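This report describes a predicted model.

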Amino acid sequence: MGKLDNKVAIITGASGGIGAAASRLFASEGAKIMMVDLVEEKLSALARSIGEDKACYQVADVTDAKQVKEYIARTVANFGGVDISLLNAGIEGKIAHIADQDETDFDKVISVNVRGVWLGLKYTMPEIAKRGGGSIVITSSTAGIRAVPGLSPYITSKHAVIGLMRSGAMEGAKDKIRVNTVNPSPIETDMIYRLEDIINPDRGNTQPMAEFTPLRRYGQPEEVANLMMFLSSNDSSFLTGGVYMVDGGVSAGRA
């Protein structure tokens with residue numbers, strides 16, 4: 001018996017490190033999954049590795065309402081409904097202080113990281129309600145509770161999705177829809193290595209950002225996926241409206 005037997009899950013940002021780890025874990029726990037992202041080659045390979053009887057995919061832009069409705073409709077057509085929505089797609093944007101930040105980049109980050117989540121909530125909540133309730137998990141970040149210089153669009157977006165989560169939790173409760181965020185610190189993914197290379201160009205094989213984590217390492221995508229799975233399963237049946245850290249102790253030292 002898997003913890004997600006007979007459940008149907010949508011996972012956005014599925015081809016990235018955390019999304020791919022969640023896709024594999026959710027399928028191994030019995031869920032049927034719809035994986036959503038922009039790169040078909042990665043999605044196709046991931047679906048084959050999981051098993052096409054358990055996983056299908058849709059190439060879609062999460063900022064486009066028409067495409068969001070299409071991937072949800074295909075999920076319902078393929079699997080009969082939606083029980084879990086993992087709104088994980090996100091981008092980091094460019095690094096620059098506010099005065100030097102590019103307006104176009106700001107708009108892009110907000111569109112993907114905030115509008116994409118809002119559209120996911122808007123169009124999956126009615127489908128989850130039809131199934132008698134379920135779970136929505138939104139990927140925020142330690143950037144959702146604190147700030148560092150040079151990442152104002154990203155930090156703004158990750159604070160914003162906590163507000164969306166709380167709104168969704170309040171509105172979804174009557175339909176037994178639980179909504180929570182997971183808030184990772186730096187996780188060993190391509191995104192973090194891109195940021196490391198920009199912030200610390202002379203780092204070599206070191207991981208300077210990990211030194212700011214009390215556990216002195218990056219988290220692994222699977223460690224985030226484990227929390228996502230818990231919040232998606234009946235084990236967390238009384239948890240909604242919560243901000244859940246998976247951060248190696250980073251938030252414990254927050255001022």
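Leaving aside neighbours within four places in sequence, Met 35 is in contact (heavy atoms within 4.5 Å) with Ile 11, Ala 14, Ser 23, Leu 43, Leu 46, Ala 47, Ile 50, Ala 55, Cys 56, Tyr 57 and Gln 58. Residues are numbered from 1 along each chain as its sequence is written. In this predicted model, local features need pLDDT of at least 70 and side-chain atom pairs count only at pLDDT 80 or more, while totals for chains, interfaces and linings use all residues; side-chain values use heavy atoms, without hydrogens and water.

A nonpolar core is a set of buried Ala, Val, Leu, Ile, Met, Phe, Trp, Tyr and Cys residues joined through side-chain atoms within 4.5 Å; buried means under 20% relative accessible area (1.4 Å probe, protein chains only). The largest such core has 32 residues, of which Phe 26, Ile 33, Met 35 and Met 228 touch the most other members. Helix α1 gives the most to this core, with seven residues. A second, separate core of 30 residues includes Ala 60, Ala 65, Leu 87 and Ile 128.

Strand β1 (residues 8–12) is largely enclosed by the rest of the structure, because five of its five residues are buried. Helices (H or I, at least four residues) and strands (E, at least two) are DSSP runs numbered from the N terminus, and two strands pair if DSSP finds at least two bridges between them.

Notes. Buried means under 20% relative accessible area, exposed over 50%, partly exposed in between (1.4 Å probe, protein chains only).
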